[in-house]
Each structure stands twice: as C-alpha cells, then as structure tokens.
Amino acid sequence: MTDQVSPPIRLLDYRPPAWTITDVALVFELERESSVVEATLALRCDEPGSALRLDGEELELLAIALDGRPLAAEEFAHDATGLVVHATRGAAACTLHTVVRVKPAANTRLEGLYTSGSLLLTQCEAEGFRRITFFVDRPDVQARWRTTLRAERARYPVLLAGGDRVAERDLGDGRHEAEWHNPHPTPCYLFALAAGPMARVSKAITGADGRAIELNVWVEGDDAEPCRYALGAVERALRWDESRFGRCYDLGVFNVVAAQDFTMGAMENKGLNIFNARYILADERTATDADFMGIESVVGHEYFHNWSGNRVTLRDWFQLSLKEGLTVFRDQEFTADLHSRDLKRIDDVRLLRARQFAEDAGALAHPVRPAEYREINNFYTLTIYEKGAEIVRMLHSRLGEAAFRAGMDRYFADNDGRSATLEDFYAAHSAATGIDCTDMLAWYAQAGTPVLDVERSFDSSTGEYTLVLRQRPPANVPAAAPLPVPMRLALYDAAGHALPAPSHDAEAMPDGLLLRHATHTLRWRGLSSEPLPVLNRGFAAPIRLRMPMPPEERARIVQVESDGFARWDALQHLALDVLLARADEPVDGLGDVDAAENALSAAIGALLADTHAHPAFVAECLALPDFDTLADAVAVADPGALVAARERLSLALATVHRAALQARFDALRVEAAGGLDDAAMAARSLRHAALAWLSKVDGGAAARGLWDDARSMTERMAALRALLHVQAAGAAAAREAFAAEFADHALVTDKWLAVVATRPAAEALDDVEALVAGPCWNPTNPNRVRAIVGSLARLNPAAFHRGDGAGYRFVAAQVQSMDAINPQVAARLLGAFEGLPRWTAPARAAALAALAPLRSATLSRDVAELLGRLPG
C-alpha cells in the first residue's frame with residue numbers, strides 16, 4: 001500500500017507555473033478502441049531557464065515537435081507521469097506539437113476520454129485531462145481553446161465540444177468533422193467533448209444582455225423526450241442567475257449531454273456540461289418527485305458554475321470550495337426561491353447533520369481548505385461542498401442580501417478570467433461593503449464542528465433573563481480558536497409573543513448577532529415570567545447547539561415559532577433525545593423518557609390533525625432522525641442499539657397514530673394524483689410518509705392499495721418500498737413485476753435495486769450478495785455500484801453493521817474489487833468506515849478485521865490514502 005501513496009501536496013508550497021499555455025489547438029481522430037489526439041500548444045515561460053514539464057498518464061506518444069522541428073530522443077524524456085522537454089531551456093515562448101494515442105474503450109476509470117454505450121465522452125476534473133494529451137494540468141493555467149473532432153459519420157453523427165461551433169465539414173469516405181472555439185481563458189479541467197448517436201431537445205432564447213442563445217439537452221439514442229424537464233430547468237437556472245446575481249451567459253450555445261456511465265453527478269465544462277443520466281432523464285412514468293427536484297438542483301448547480309467556477313476559476317485545488325461551496329449556496333438559493341425556503345433549509349440541514357457532521361467528527365475529517373492532500377479526488381467531500389456552502393451562507397447572513405450582492409458583483413468584476421483564491425473572495429466582499437469579512441477565513445482552516453453551549457437563568461424577583469453562550473472547539477480539534485458565528489434567535493413569552501431584542505456584547509447583523517468571542521452574554525430585563533428561547537433559527541451557523549431543554553418546551557416551540565426550520569428542529573431534537581434515552585444514552589434535561597415520548601407523540605398527533613399545515617412540512621416532521629444523526633450525537637456509537645431504538649420508536653408511534661395516518665393517507669389521494677406542481681408533490685410527500693409508518697402496522701394493506709392505483713413512478717416506488725421493507729404479502733410479486741417492466745431501463749432498475757439493498761434488516765445483506773452475483777450487477781457502471789453496494793453501506797445500518805461483521809467484510813471486499821476498475825468509486829465506498837474510531841469495541845474489531853486484507857493489497861492512490869487515514 002505504501003508504494004501507492006503519493007507524497008503530499010502542500011498549500012504553503014504553491015508556486016505559479018513556470019510555463020503557461022495561452023492557446024490550444026486540438027484535433028481528435030475519434031475511434032472507440034483507439035483515438036489519436038494531436039495537440040498544438042502555444043507556451044510562454046514565466047520562469048526563465050526552466051525546462052518544460054507536462055503532465056500525462058497512459059498516453060502513447062506518436063510524435064513530438066518544437067516550433068515545427070521534430071525532436072530527437074535526447075531532447076525530451078517521457079515516463080508514466082508526463083513529459084519533460086529539455087530543448088525549451090532558455091526559450092521565452094514556443095509552440096509544442098504532440099500526437100498521442102489513447103484507448104477509450106479500456107478506460108474503466110471514466111477519467112479522460114472513455115466510452116459509455118455508443119458514445120465517446122470525457123471527464124477531466126480534477127486531473128483527467130492528462131489522460132487525453134500532455135498538458136500543464138493545473139487550474140491556474142488558462143488557455144483559449146480550438147477543438148476539431150473527426151469521426152465516422154455513421155457511428156458518431158453528433159460531434160460536440162466546449163465553446164461555440166464555428167465550422168462543420170464533410171471529409172469524404174463517410175467521415176466528417178466539427179470545429180469548436182472557446183474564446184474564454186479556461187483551464188483544462190473544464191475541457192469536454194461528446195460524440196455519438198444522440199437526439200436532443202432544444203430551445204432558442206435571448207439573454208438579458210441581448211445575446212441569442214441555443215439551449216440543447218442531448219441523450220444517447222433517438223428519443224430525447226425524457227430530456228424536456230431538464231431543458232426547462234436549464235432555462236429556469238439561466239433566468240434566475242440573470243435576475244438574482246446579474247450574471248448573463250457568455251456563449252451562443254449551451255449544451256448538456258446525459259451519460260449512462262459517469263462517476264460524479266455532473267460536470268460544468270465550459271459550454272458543454274456532461275451529466276450523469278440520472279440527473280437529466282425524467283418523465284412521470286420513470287422518475288420520482290425527488291428525481292425531478294434533484295434534476296432541477298443539479299442542472300442549476302452546473303449552470304451557475306459558468307460564473308462561479310468557470311469565468312472565475314481556482315488558483316489551485318486547495319481553493320476547491322471557492323467554486324463548489326459557493327455554487328452549492330447558489331443552487332440552494334435557486335431551489336428556495338422557486339419552491340419552499342423552509343423545506344429547502346430542512347432538507348439541506350438534514351443532510352449536513354447526518355453526513356457532514358459525521359465526516360467532520362470521523363477519521364476522514366479535514367478542513368474546508370486542507371493544508372495538504374495526496375489525492376485530490378478524495379477531497380470532493382460534503383465538507384468541501386455542504387460545509388463550504390454554509391460558510392458562504394453565514395457571510396450572506398452577516399451582510400444581508402443587498403450588501404452580499406454588491407460583494408458578489410465586486411468578486412466577479414475583480415477576478416473575471418482569473419484564477420482566484422478564498423482570500424480574493426473575502427477581499428472583494430470587504431471592499432464592496434466596507435465591512436472586514438476576512439475573519440471568515442478561519443472557518444476554512446479548521447476541521448470539526450464547533451459547539452455552542454448555552455446556559456440560561458431567570459431571576460423572578462428582578463425579571464432578568466440571561467443567556468450565556470460559550471463556544472468551545474470540537475472534540476477532535478481541541479486547540480481550535482473561536483470562530484465568528486452568526487446567530488438568529490427569538491424569545492417568546494407565555495402568550496407566545498416574541499420579545500424585544502436583548503442587550504448584548506455581540507456585534508449586530510441585519511437580522512441577528514455575530515458572536516466573535518468564546519463567551520457572550522445576552523440579557524432581557526423586566527420580564528414577568530421565564531421566556532421560551534429559540535436559538536440558531538434557520539440554522540444560521542453550522543454548529544452543534546447544546547441547550548438542554550425539557551420535552552414540553554420543545555413541543556411548545558412547534559406551536560409558537562414562525563420559523564419553519566426551528567419548528568422542525570425542535571421536533572427532531574425531541575425525537576433525538578427520546579431515541580438516545582431508549583438506547584441507554586444519557587440525555588441532559590430530558591427527565592422521564594416516557595413523558596418525553598408522550599410529548600413527541602402528542603406533537604406529531606397535533607401535526608397530523610392540522611389539515612392547514614403544509615403537507616410536505618408534516619412529512620418532514622414524521623421522518624425521525626436517521627442512524628447517522630444518532631451515531632453522531634454520542635461519544636461511542638453502539639450500532640445495534642441505535643438501530644433497534646429507532647425501529648422500536650417508529651413502530652410505537654405508528655401504532656398510536658394509525659388512525660390519523662390512515663385518515664391523512666386517504667384524504668390526500670385525489671390531490672396526490674396531480675402532476676408536478678408543488679401542491680401535488682407536497683400531498684404525495686405526506687401520503688407516502690404516512691404509508692411508511694402504516695406499513696409497519698397494517699400488514700401492507702395500504703401499500704398494496706397504492707400499488708394497484710399508482711399512476712406515477714413516485715407512487716409506485718413508495719408502494720414497492722413499503723411492501724419490500726416490511727416483507728408484506730405481495731412484495732415478491734410486486735418486485736418481479738416492477739423489475740420485468742423496467743428491465744431495459746437502467747436508471748429505474750437502479751431504483752428497485754436500492755430498495756432491496758436498504759431493507760432495514762440484517763438479512764438484507766444476503767439479498768445484496770445475491771444481486772452482486774446475479775445478472776443485474778455491472779461493476780463498470782457507477783450508478784449500479786452505488787445503487788447496490790453504496791445503498792447498503794450508507795443507508796442500511798442494520799445490514800452494514802451486522803453483528804457477525806459480514807456487512808463490513810462485504811463492503812471491504814467490494815472496495816478492493818472496485819479499486820481495479822474505478823478508484824474514485826472504490827474510495828467513496830470506503831468512506832462508509834469513517835466513523836470507525838467512535839464505534840463500540842466489538843464493531844471496531846470486526847471492521848478492522850474486514851479491512852485487514854486491503855492493507856496488504858496493491859491499491860490506487862485514491863483508496864490507499866483514505867485507508868491510511870483510517871485507524872489500523
């Protein structure tokens with residue numbers, strides 16, 4: 001393993017490139033088995049006397065020339081990592097011409113140029129372009145690009161590349177070519193091409209600046225209708241970015257291609273976005289409501305990168321959150337503006353707490369901007385994306401919308417066409433607003449999640465109420481300094497009225513306070529009774545808030561609070577307290593656990609009875625904290641005890657509220673049968689949340705009824721999940737019918753496979769092992785691997801944490817097998833072990849035994865680095 005771990009790359013070692021590339025001309029002779037790439041690079045030396053060093057992996061060098069002169073063998077050196085051209089020493093500028101051969105069909109890593117079905121596609125972020133041709137493969141080398149694609153017309157009738165198409169030609173002998181030009185300086189990680197038989201849906205629009213723009217969404221084959229929703233999402237994203245951020249699109253065409261084989265979710269290549277097909281293809285027969293929402297979000301995310309990532313890109317990969325965290329914030333705001341802001345915030349925080357908080361506390365914890373890395377692919381994490389977005393959100397809260405927009409305008413203006421840093425981002429906001437925001441950079445340097453302890457006191461004789469807020473570092477970063485924490489809070493009197501703002505020693509924000517120090521004191525005076533406090537409204541800061549609170553107070557927050565997130569959060573904390581107590585974990589302030597469970601049950605009953613409450617909000621409140629959230633809340637996690645406590649509580653609540661659940665399930669039937677409007681989606685959301693609980697107590701009767709009546713994939717999947725997860729009568733027949741109907745639809749097949757893999761039972765592992773041994777298994781397709789192995793590892797704690805260690809052994813074996821095929825996918829599977837240091841001794845021992853064979857194997861850099869960070 002140690003031979004596979006590369007030396008660390010350190011932020012402090014950053015140096016500008018000795019050689020930069022100003023212009024690139026590429027000519028591709030495209031074939032499935034063997035493609036030839038001719039590259040002409042205009043180079044400039046910024047460090048006189050330096051030899052030219054180009055990155056390149058798995059390239060067969062066919063020809064090389066410098067300034068038109070073929071080079072002799074002693075004038076260059078070529079090895080497995082790249083090319084050094086000695087003949088350039090002393091030159092201030094030169095033109096290098098190379099010809100290489102690559103093998104797309106053999107490229108199971110899906111990095112560089114590869115095949116997917118009948119298509120040829122590329123994926124270059126982070127360092128995939130070096131698998132296409134020799135290049136200075138780093139984000140601070142930005143060039144203008146001219147790309148010519150040549151291929152057999154019958155096999156590759158559509159030829160797409162980044163930028164605008166400037167020419168098409170027939171070459172005779174059944175071949176043709178297309179020439180594309182990207183005039184904007186762009187790093188090589190944003191290069192893309194797509195070639196093959198594709199159909200499209202299109203729309204011609206005019207941008208806010210008057211530019212004519214052609215929007216196209218392409219898919220392999222001759223039926224592009226499933227792309228139509230994604231096309232609409234592209235236009236919605238474009239119009240939103242024009243309106244909210246004043247950003248106009250800067251080319252004449254925006255192409256999106258759906259790929260069945262794609263390691264990531266999507267890629268924002270300049271003018272040619274390539275997407276995992278699951279985030280493009282959708283109609284009501286084959287896609288769920290969650291799929292449609294996911295498509296809109298991911299399409300928006302990649303489109304928004306055109307400015308926050310492309311026009312302004314990164315100086316180095318340490319700045320990755322500068323584009324990803326910022327763009328996640330932008331796509332979250334896009335969804336919130338178009339739909340429900342409260343529901344979007346709940347959805348985002350649920351993911352953050354369950355997965356990113358666990359990542360921050362686990363063996364793979366790292367700062368948003370790490371000081372060093374070995375394999376950059378391993379840093380495409382929730383910490384970079386989701387925590388990075390929360391830091392941007394804190395800046396937005398601190399400045400307010402108008403000032404934040406002024407800062408964004410200044411950032412884009414100052415850095416357009418440049419490779420920027422996080423310091424550039426905060427300098428722009430500081431300059432535009434006159435507020436020094438650079439203290440926010442501390443959030444990027446520190447791993448772990450800060451803790452805010454709240455001590456409250458009330459003096460009934462004076463009417464003085466005090467909150468003392470103490471920030472302490474996370475347990476895994478004990479020496480961390482206090483961070484600036486935006487805080488939104490409210491206090492309610494006995495009648496449920498909000499109280500005036502307190503006197504305080506903090507800095508005021510537009511709608512809250514900025515806590516800069518380790519301790520802050522807030523005081524209210526002249527109160528007639530002790531008030532009800534609500535802190536971190538809207539989840540203003542990504543912190544762990546420690547404020548013990550009796551169950552009746554949490555339940556009362558649900559009744560009096562206006563902030564939807566805070567209402568949901570109060571119920572989540574109440575449920576979390578009950579679950580931890582039932583798992584024999586100590587809980588401060590809980591009191592009698594039976595009384596607490598009764599308070600939770602009463603609050604849920606009130607929500608179910610409130611026909612005026614937003615159905616999707618009620619559905620969110622029915623979702624108990626998941627396993628990852630529970631495990632993150634304890635010092636030492638006993639997986640079996642946490643799984644059992646959650647199952648017992650959900651069964652108890654389902655039993656108590658069976659009649660109310662059935663009533664809401666029945667009452668929403670007509671409204672849920674609607675289309676894709678928010679009201680119909682909300683009705684389905686509550687109906688199916690109720691179904692999940694009903695199926696635990698009604699023998700599957702409601703699920704069988706829904707299966708028979710289902711009109712959309714959302715309804716069919718809800719019914720199938722309910723039937724399979726409780727092994728109800730008719731479950732096997734439903735699964736067989738569903739699988740047969742969609743046998744030729746890979747994305748829908750992934751859906752039922754994931755349902756099987758997530759059945760909450762230890763024996764679900766046996767079903768998964770059978771799937772991997774059967775005809776549905778396709779280890780070269782990342783979606784299929786995630787649907788089966790990833791679903792079990794990340795979403796089925798009962799099977800993954802099976803007492804005999806079989807779940808650990810299964811996933812570890814899949815990591816080793818997958819590592820030879822696609823190291824990025826293998827490394828992400830290994831991430832399921834990140835919580836290992838905080839598991840009980842028996843679970844740790846079983847996991848370490850399962851990982852032992854990996855430690856003696858020859859591994860990729862991706863897997864070797866993560867394995868080295870896990871305890872041995």
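Buried here means under 20% relative accessible area, with exposed over 50% and partly exposed in between (1.4 Å probe, protein chains only).

**View 1. Burial in the predicted chain.** By that cut-off, buried residues make up 60% of the 872 residues. This is a predicted model, in which local features need pLDDT of at least 70 and side-chain atom pairs count only at pLDDT 80 or more, while totals for chains, interfaces and linings use all residues. Residues are numbered from 1 along each chain as its sequence is written, and side-chain values use heavy atoms, leaving out hydrogens and water.

**View 2. Overall dimensions of the chain.** The C-alpha trace spans about 90 × 65 × 60 Å along its principal axes. In the chain there are 28 helices and 34 strands (DSSP runs numbered from the N terminus: H or I of at least four residues for helices, E of at least two for strands). The radius of gyration, taken over C-alpha atoms, is 28 Å, close to the 29 Å from the globule rule (2.2 Å times the number of residues to the power 0.38), so the chain is as compact as a globular protein of that length.

**View 3. Helix 17 against helix 18.** Helix 17 (residues 678-694) packs on helix 18 (residues 701-709) at an angle of about 135°, their axes 8 Å apart. Axes are lines fitted to C-alpha atoms over the stretch in contact, and angles run from 0 to 180 degrees between N-to-C directions. Helix 17 is therefore oblique to helix 18 (under 35 degrees is roughly parallel, over 145 roughly antiparallel, 65 to 115 roughly perpendicular, the rest oblique).

**View 4. Residues at the helix contact.** From helix 17, R687, H688, L691 and L694 meet A702, A703 and L706 of helix 18, contact being heavy atoms within 4.5 Å.
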